[in-house]
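Here are my notes on the model, as numbered points. Please read them with the coordinates open.

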Amino acid sequence: MRYVKGKCDLIIGGLVFLSSLVITGVNGSIHEYKDEAFIPRFNSFFFHGGSEGLYASKVQDSPLPVSDDSNNNKPLNGKSFIRFESITFRRTKEAANKQNEMQQSTGIVEAIILEVKDRNEIGGSYLNSDAICCTPALAKDGSCKVGEVIIHQDPENPGWPKRIQTSFEGNSEEAIMVLQTVEINKTGMYYLYFMFCNPELKGTLISGRTVWRNPEGYLPGKMAPLMTFYGLMSLAYLILGLLWFLRFVHHWKDIIQLHYHITAVIGLGMCEMALWYFEYANFNATGSRPMGITMWAVTFSAIKKTVSRLLLLVVSMGYGVVRPTLGSITSKVLLLGVVYFLASEALELVEHLGNINDFSGKARIFLVLPVALLDSCFIVWIFSSLSKTLEKLQIRRSMAKLELYRKFTNSLAVSVLLSVAWIGYELYFNASDPLSELWRRAWIIPAFWTLLAYLLLLVICVLWAPSNNPTRYAYSGEALDDDDEGLSLTGSGVIVGGDLSKLERKERKASITADHVFGLGEVVLEEDKRE
């Protein structure tokens, strides 16, 4: 008996898991079905109608209307429900012609709503069988009815898993499901299946839609906290932008080119967070993702990610500090930025303009891999450039700039370590929760990356803030970078200068090979000529 129960549990668990790979197109919390086919599974046929995290209704004292169209179309504040609208089942003409015109019921299709933790209640595990649909042998003791899906009712939650039946009449090709709303009074991850057991209904198609709603709006449960998060992040970027603007205006005479790049990243971050907040707010109010706002939010997100990475790269190269321009390497930096933008835009579009369920793992890997590869290129190039910049500053004894870059390097190293640790946690989280049972914590995965990007930008703003003494980080020629360098040259005379020149030549020879790997060789040669 334990073997059969375990086998049946595996069947139902596999059904729930495989359903994430057989997904219909949906638009927000309105799941639409357009002539979708049922898939055979053991002795049943099923179609996955959707899955979302739903919170319990806050108002449970008044019953929801069942068949009143005007009432069903009104949003119900404080209610959590799944509403069936215009659901139509269409069987083949051959199957319909085999039926008796006078017979009342010639085929049953069942809509089954279950909480994911109750997935073992579907099927015959408690009847010592691995069947999903009831068979004549199992029906002998009255535990189930032939032709129906076996459901073991939860004694702690009567009436669940929920079963709603729709019958074909006579030799009709269509069966229309009665418009009705199922109220959710218990928080959980809910799955919806349409199933039938009669093999004669093979080839049946489903059309229509279902509407899923939480007490506070139409946002799915795993996405609802993100609306508040994006609102807070919008406020955080606004405060950062205001402080930066005041500092920018106060020291406008000492502004360098790098400050304009930082200002652009702050502005993009403000727009990105505001657009995401309004996109989620609109989604929550209507149940559908506003295409226009979503497109703008996705595009601003991709642009901001690209510009942020380019900012980290050029700062690591010493732009505006060690070298006044990037020289001929500018085209390579821009090319990497354009490629990253295109890859990031494609991934964001699929993730946010796709369906509300998880899309195919293969499709996601196909889009994630280029972005991950390009991120790796950025990381390698950034740390390689940082190493060279630190060496140059140390050889030139630019102590103030050296201290600045050491702080920046330490901050960047900490962020990389946090990123690696978080990627490990994310992989563990996804592997240990394939059925989204931990959906209430899922929002922290994307939120972490947004917060980390903000903190890195904050570090750059603090280190490179406009001030009355821009020479502490601004480019001031090759001979004298700051006061510390001037003192050392004055105290040591020509001998130190000669030793310094020897060290510089050794340093250039040692790093020229690595420079050419990342396309930095031409810039170094240009600097050599200037010296």
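1. Tyr454 is buried, at a relative accessible area of 12%. Buried means under 20%, exposed over 50% and partly exposed in between, with a 1.4 Å probe and protein chains only. Tyr454 sits in helix H11. Helices are DSSP runs of H or I with at least four residues, strands are E runs of at least two, and numbering starts at the N terminus.

2. The model is predicted: local features need pLDDT of at least 70, side-chain atom pairs count only at pLDDT 80 or more, and totals for chains, interfaces and linings use all residues. Residues are numbered from 1 along each chain as its sequence is written, and side-chain values use heavy atoms, with hydrogens and water left out.

3. What does Tyr454 touch, leaving aside its neighbours within four places in sequence? Met233, Ala236, Tyr237 and Leu240. Contact means heavy atoms within 4.5 Å. Ala236 lies 218 residues away along the chain, yet its C-alpha atom is 8.8 Å from that of Tyr454.

4. H11 (residues 444-463) also packs on helix H7 (residues 291-316), at about 40° with axes 12 Å apart. Lys304, Leu311 and Leu312 of H7 meet Ala453, Leu456, Leu457 and Ile460 of H11. Axes here are lines fitted to C-alpha atoms over the stretch in contact, and angles run from 0 to 180 degrees between N-to-C directions.

5. Overall, the protein has 13 helices and 11 strands. Of its 531 residues, 49% are buried. Among contacts with a separation of 6 or more, 78% join residues 24 or more positions apart.
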